[in-house]
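The following paragraphs lead the reader through one protein structure. Please keep the sequence and the coordinates at hand while reading.

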Amino acid sequence: MSEAGQGGKEKTIFGKEKNPTSIVPRKLSLESPLKFRCHPGVRCFTACCGGIKIVLTPYDILQLTKRLGIPAHEFLHRYTTPTYLENTDMPGVIIKLREEDNKCPFVTPEGCTVYTDRPTACRYYPVGMADFHEGGTRDKDGNEETKEEEKFFFLVREEHCKGFEEDKQWTIGEWRADQGVDVRDEMNKDWLRLVMRRKSFGGQATLSEQAKRMFFMASTDIATFRKFVFESSFLDTYEIDEETIASIREDDVQLMLFSFKYLAATLFGARVLKIREEKIKAKIAEIKQRQDESVLQSIREYEELKAEMDGSKGGK
């Protein structure tokens, strides 16, 4: 994640400006060795928990709200600030750092108070991942194609971090498993691909305000998204099987994953949800009626204009 300070200003981190050379320029695999350990006895303990931009994924928010026992809207108000994701117009949130010391609100001198439910970004350090999955392509029948992922790993090695001086030996795969990253990747991947797909469009198109609000609501407040599904005309519009309905009614994680499908369908036209046939027919009839009315209006305007012109000629 970026080390930009909140409010859009770059902040110095450990006495230095943002420095991209902290990324070691070497591709790593799951089998690559890693010598690293972070614990309360290391000299830099919790130093990496300040002056940073921690973007929260939907799964991060879901787990933290459960951990804290508060609703999403309260969590968002108390602990986050709005941001835009990956230089796009897709809205998201980042952790709101404490004003007094510019550190994460959940960190203390003894460590992280929500450690077992800490955000995905915190789990990655110091191992980053590059995922070159490409989405958005379709086959000859218009169905979305899922290409094989191309991913590799790399180290972020900053001067302040003394964890590399510890004697613990891992492989990258063992480190990721220990940090619970694999589970987070699985939970986050479809949402992250929505963001990456939007990023790939660049400035060629913009999201409507309605689309932005829907993306933000589905990404940050699963309880409100559940109300949208079950208390609106949603189930009258889409064909959703009974098993899925039962699952998303009770299971927050399943509802979250379902919301990613809905966003893919509504924002990018992915054919992952089927609209009921009667709704399609009704929409076609509505469009046809508008077209017919438009044609009739054009005819009336033409006849009125013609009558005015004929009247003008007759008066000469």
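Buried here means under 20% relative accessible area, exposed means over 50%, and partly exposed lies in between, with a 1.4 Å probe and protein chains only. The structure is a predicted model, in which local features need pLDDT of at least 70, side-chain atom pairs count only at pLDDT 80 or more, and totals for chains, interfaces and linings use all residues. Residues are numbered from 1 along each chain as its sequence is written, and side-chain values use heavy atoms, with hydrogens and water left out.

The side chain of Asp-185 meets that of Arg-176 in a salt bridge, with 2.5 Å from N to O. A salt bridge is a side-chain nitrogen of Lys or Arg within 4 Å of a carboxyl oxygen of Asp or Glu. Arg-176 is likewise classed as buried, at 4% relative accessibility. Both Arg-176 and Asp-185 are in contact with Tyr-124, and so are Met-129, Trp-175 and Val-181, when neighbours of Tyr-124 within four places in sequence are left aside. Contact means heavy atoms within 4.5 Å. Tyr-124 is itself buried, with a relative accessible area of 18%. Between Tyr-124 and Trp-175 there are 51 residues of separation in sequence, and their C-alpha atoms are 9.1 Å apart in space.

Tyr-124 belongs to helix 3. Helices (H or I, at least four residues) and strands (E, at least two) are DSSP runs, numbered from the N terminus. What kind of peptide bond joins Tyr-125 and Pro-126? The bond is cis, with omega at about 10 degrees. Pro-126 is placed in the loop between helix 3 (120-124) and strand 6 (127-131).

Two further backbone features deserve attention. Most residues other than glycine have a negative phi, and most peptide bonds are trans. Thr-46, although not a glycine, has a positive phi of about 70 degrees. Thr-46 is found in the loop between strand 1 (33-35) and helix 1 (58-68), and is buried at a relative accessible area of 10%. Asn-102 is not a glycine either, and has a positive phi of about 60 degrees. The loop that holds Asn-102 runs between strand 3 (91-95) and strand 4 (107-108). With a relative accessible area of 23%, Asn-102 counts as partly exposed.

The search of the whole structure finds 15 salt bridges. One of them joins Asp-252 to Lys-66, the closest N and O atoms being 4.0 Å apart. Asp-252 lies in helix 10 (residues 252-268) and Lys-66 in helix 1, so this pair ties together parts that are 186 residues apart in sequence. Glu-186 is partly exposed at 44% relative accessibility, and Lys-189 is partly exposed at 27%. Salt bridges with shared partners also join Lys-66, Arg-226 and Asp-252 into one network.

Which residues are in contact with Lys-168, apart from its neighbours within four places in sequence? They are Leu-34, Lys-35, Phe-36 and Arg-37. Lys-168 occupies the loop between strand 7 (151-155) and strand 8 (169-171), where its relative accessible area of 35% makes it partly exposed. The C-alpha atoms of Lys-168 and Cys-38 are 9.5 Å apart, although the two residues are 130 residues apart in sequence.

The whole chain remains to be described. The protein chain has eleven helices and ten strands, and 40% of its 316 residues are buried. Of the contacts between residues at least 6 apart in sequence, 70% join residues at least 24 apart. The chain exposes about 19100 Å², of which carbon and sulfur atoms supply 52%. Accessible areas come from the Shrake-Rupley method with a 1.4 Å probe, and for residues only the protein chains shown count as cover.
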